Amino acid sequence: MNRRHVIWGILGLAALSASGFGAWIATLPPATAAEPPPVPPQEAEAMLRSLAPPRERPLIAIPGLNDATETTDYLMPAGILRRADVAEVWMLATGPGPVRLYPALIVEPDATIAAFDAAHPEGADYVIVPAMRRDDDPAVLGWLRDQAAKGARIIGICAGAKVVAAAGLLDGRRATTHWYSLGQMLRRHPTIEHVADRRMVSDGGVTTTTGITASMPMMLTLIEAIAGRPKAGAVARDLGVPRWDARHASGAFRMTRPFALTVLANRLAFWKREELGLRLDPGMDEVSLALVADAWSRTFRARVTTCAVAGAVESRNGLRILADRPGTDWPEDRRLPACPDCKPAGALDHALARIAARYGARTADIVAMQLEYPMTG
């Protein structure tokens with residue numbers, strides 16, 4: 001076969017692929033919109049009862065894979081729960097060394113799961129499971145089964161529900177998960193009953209949530225279950241959260257034509273990609289940090305690189321964040337804009353507004369869709 005035939009063959013395959021992609025794009029809806037239905041009071045009360053603590057100050061464990069754990073899912077629960085100071089919170093890793101989060105940030109865990117087991121052979125009261133790139137890690141799955149058998153309440157954050165399902169803990173239960181992962185989870189585990197239009201779903205000893213940003217209302221609900229509504233309300237005001245119930249409009253989050261086309265355009269425009277610097281400062285709020293780093297990293301236009309004077313900084317609530325680079329000398333036009341007056345929940349709205357200004361409203365929309373965040377503006 002000569003060179004001309006090879007070239008024509010490649011062009012033919014490209015044309016067929018483009019034709020197939022175009023046909024798929026044509027099947028997608030142009031946009032989505034939905035209103036969240038109300039949650040009956042008795043359902044909210046049942047959720048709180050299901051999360052009731054076995055003791056006054058419970059033990060909470062948040063496991064992560066060292067190389068493949070979602071940024072906000074891992075950091076936000078720890079940041080909110082330690083801010084509330086209603087429980088003992090351990091951030092764990094499957095093995096020694098830091099946890100490299102995706103799409104950004106590196107964190108030093110408190111211990112490995114083996115060290116936690118040695119310190120607490122009776123197990124945790126709650127285990128909060130973040131999304132992980134690998135749902136079948138044997139160390140994670142075996143540890144989750146063991147913790148559940150010891151009586152731990154399992155809480156799957158976002159696509160962390162897939163990890164919980166892979167451990168066999170969602171078989172025959174009602175559940176939810178991130179809109180993008182839902183179909184795959186139900187195909188792999190057909191006995192799961194999906195519950196739509198809920199940010200949080202509890203069944204038996206397992207609670208699941210939908211969306212990366214769902215960890216905020218989920219943690220406030222857990223705080224309410226542990227320490228009462230006044231305490232949860234105080235933490236919510238500190239975070240800048242007006243409400244934290246289970247209301248959610250599932251129909252507003254799905255694959256759409258604008259979403260697919262914007263992701264494709266941003267991926268193809270490789271010459272427009274840039275590296276943005278995010279300065280780490282001692283005492284910084286870890287919830288704001290997670291939301292900002294996560295949001296900008298999901299634009300398909302930017303890579304977030306952290307920098308600090310020291311190699312590691314300790315956040316407001318004792319999380320140790322490792323910098324990608326030493327020093328803070330970063331070009332001003334490529335520094336992530338700070339929002340010093342923002343409350344943590346407002347940091348995401350601030351980031352989305354800046355993303356829209358820098359890359360366009362459609363890019364801000366795809367970020368909100370990935371985070372399953374109901375934008376109000």
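**Buried contacts, strand pairing and salt bridges**

A polar contact of 3.1 Å joins the side chains of Glu-275 and Arg-303 in this predicted model. Glu-275 is located in strand β13, which spans residues 274-279, and its relative accessible area of 18% places Glu-275 among the buried residues, since buried means under 20%. When residues up to four places away in sequence are not counted, Glu-275 touches Arg-303, Thr-305, Arg-325, Trp-330 and Arg-334.

Side chains of opposite charge can pair when their charged atoms come close. Across the whole structure, 23 salt bridges are found. In one of them, the side chains of Arg-83 and Asp-285 meet at 2.0 Å, N to O; Arg-83 belongs to helix α3 and Asp-285 to the loop between β13 and α11 (286-297), so that the pair ties together parts that are 202 residues apart in sequence. Both Arg-83 and Asp-285 are buried. A further salt bridge, of 2.7 Å from N to O, is formed by the side chains of Asp-125 and Arg-55, and this pair links distant parts of the chain, with Asp-125 in the loop between α4 (113-119) and β7 and Arg-55 in the loop between α2 (41-50) and β1, 70 residues apart. Asp-125 counts as buried at 12% relative accessibility, whereas Arg-55, at 37%, counts as partly exposed. The side chains of Arg-243 and Asp-245 also meet in a salt bridge, at 2.7 Å from N to O, and here Arg-243 is partly exposed with a relative accessible area of 40%, as is Asp-245 with 28%. Salt bridges that share partners join Arg-83, Asp-238, Asp-285 and Arg-316 into one network.

Strand β1 (residues 59-62) directs Leu-59 and Ala-61 one way and Ile-60 and Ile-62 the other way, and all are buried. β1 runs parallel to strand β3 (residues 88-93), to which 4 bridges join it, and within β3 the bridge partner of Ile-60 is Val-89. Strand β7 (residues 126-129) is likewise parallel to β1, with 2 bridges between them, and Ala-61 stands opposite Val-127 of β7.

In helix α9 (residues 229-239), the buried residues are Ala-232, Gly-233, Val-235, Ala-236 and Leu-239; these residues lie on the same side of α9 because they cover an arc of only 165° around the axis. The buried residues of α9 pack against α3 (71-84), α8 (215-227) and α12 (344-359), while the face turned away from the buried side carries the exposed residues Pro-230 and Arg-237. Just after α9, Gly-240 adopts a positive phi of about 90°.

Methods:
Residues numbered from 1 in each chain as written. Predicted model: local features only at pLDDT ≥ 70, side-chain atom pairs only at ≥ 80, totals over all residues. Heavy atoms only, no water. Buried < 20%, exposed > 50% of the residue type's maximum accessible area, 1.4 Å probe, protein only. Arc of directions from axis to C-beta. Contact = heavy atoms within 4.5 Å. Pairing = 2+ DSSP bridges. Polar contact = N/O pair within 3.5 Å; in protein donor to acceptor, adjacent residues only side chain to side chain. Salt bridge = Lys/Arg side-chain N within 4 Å of Asp/Glu carboxyl O.
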